[in-house]
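Open the model in a viewer and keep the selection tool to hand. The tour goes from one selection to the next.

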Amino acid sequence: MLACIPDARYGGTMKNMNHVHSRVDAALLAMRQRILKLGETLWAVPEPGFAEVRAMDILAEQFRRLGLSPETGLALTGIRVSAGPADAPEIVLLADMDALPTRGAPGEMLHSCGHHAQMTIMLAVFEALLTSGAPDAFGFRLSFIGAPAEEYTHLDRRRELRRQGKIRYLSGKQEMIRLGVFDNAACVIKYHSMPDSPDRMATINGTLNGFVAKQALYIGKAAHSGAAPHEGINALNAASLALMAIHAQRETFRDEDHIRVHPVLKEGGTTVNTVPDRALLETYVRGSSISAIRLAARKVDRALAAGAMAVGAKVTISTTPGYLPFKPDPGLGALLAESASHFLPPSAMDLHDHSYASDDIGDVASLVPSCQLGFSGFSGTIHGADFAGWDPSPALLLAERILADLVLRLGADGGAKAREIRSAFVPALKKEDYFAYLDECFAEHTSSFE
Ligand SMILES: [Zn+2]
Ligand SMILES: [Zn+2]
């Protein structure tokens, strides 16, 4: 099943590797009902980013039951637990923890991105590998990291946490990078739920866009809409012109840069009878490289200012860093593809997916070799109220087996493959340049054309 990698302590035979594989598979099967129950429990407690207190407690309890002492409260609500030799190459199973506001869901909050499944599946893989004795037997360090606040929501609260000095960056993994949580990681493995599709069961080596977020606040001058609009400055008109000016940039976006600019108008006046003196527009600027995002963001800034200039309003443009584009490590991705191909026919695997969505795994992957398995097994719409949170289909067990297989490939022979991938890795950015980029993205600029 696996390539035969010599391991002195285990005799280095295929037989022993397969023996561990069988024990991991048996453990995954044996814990099946308990794991499904855990998934339901986490599904029932959807919490926003940097507030995943109950999820953190539920996970911590699971690890304590295994006799481990998890670190909690990392980046406010994150969690980490490790097993295996402390000085061995560290293989990280990374899971998102947050839910997101979902209109139409009970309480308007739902795990509609399936992060409850990420926590559950990664915990199952961690536990099966641990109870099979793989980390100590093969000589690798295995960590589970639960990262808060992946969804870029509740920004006012996050900005307030930043003002209070409780966080410096707005996402969980960005904060964890700042705190050095990934400093010793050789490889990072992530899983993400996908809706069921007739075309593909899994995405492997899929890439993601990065983004920056922008807010433009237009201030005009109120006046009677009927009697004296000439005395007013219409902030809604400024924002409307800015939307048109953004659209006028689209023909300049190159296909290969995968730019997405998708503004919404959050405020645009209070009463029909008064010239709107305030309008608020928000958008992301997404792209598949930092340089492409920077260039598109400059065009959007110009367009936002143009609306204010046209009507003589004032505009304050605030920018916050979103996530870096995600590019999986090629070596790690190839190994993931090998693992998946043991369980899936080629027709079920998509090896060339580029999603225009974003995830702060992009930030982690720019500094540490990382990969992500996208796996179906869910129905409904991602981020929609109809997302079905838990389908106890064999797809989930398959995802667990693929991920466990990948860890064993990386961890065999004292983590030789993990070590090799780590040493061949060329980070997209040095850590200090990464922080400089994030810091540079926090910007606010006011232009007045009154
Ligand atoms: Zn999401
Ligand atoms: Zn997600």
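Start with helix 10, residues 330-341, where helices (H or I, at least four residues) and strands (E, at least two) are DSSP runs numbered from the N terminus. Its buried residues are L332, G333, L335, L336, A337, S339 and A340; buried means that 20 or more other C-beta atoms lie within 10 Å of the residue's own, exposed means 12 or fewer, and partly exposed is in between, with C-beta atoms placed from the backbone. This is a predicted model, in which local features need pLDDT of at least 70 and side-chain atom pairs count only at pLDDT 80 or more, while totals for chains, interfaces and linings use all residues. Residues are numbered from 1 along each chain as its sequence is written, and chains are lettered from A and ligands numbered from 1 in the order in which they are written.

Now show what surrounds helix 10. Its buried residues pack against strand 7 (185-195), strand 8 (202-204), strand 15 (349-350), strand 17 (370-378) and helix 12 (394-424). Contact here means C-beta atoms, placed from the backbone, within 7 Å.

Select C187 next. Leaving aside neighbours within four places in sequence, C187 is in contact with I91, V92, L332, P369, L410, A418, I421 and R422. In the largest nonpolar core, which has 90 residues, V125 and C187 touch the most other members. Such a core is a set of buried Ala, Val, Leu, Ile, Met, Phe, Trp, Tyr and Cys residues joined through C-beta atoms within 7 Å. Helix 12 gives the largest share of this core, 13 residues. Another core, of 35 residues, lies apart from it and includes V212, I233, L281 and A308.

Move to helix 8 (residues 235-247) and helix 9 (residues 290-311). How do they pack? The angle is about 140°, with the axes 7 Å apart; axes are lines fitted to C-alpha atoms over the stretch in contact, and angles run from 0 to 180 degrees between N-to-C directions. On the helix 8 side, select N237, A238, A239, L241, A242, A245 and I246. On the helix 9 side, select V300, A303, L304, A306, G307, A308, A310 and V311.

Finish at L68, in the loop between helix 3 (53-65) and strand 1 (71-74). L68 counts as partly exposed because it has 16 C-beta neighbours inside 10 Å. Not counting residues up to four places away in sequence, L68 touches F63, V81 and A83.

How values were computed: Contact = placed C-beta atoms within 7 Å. Expected span 1.5 Å × (residues − 1).
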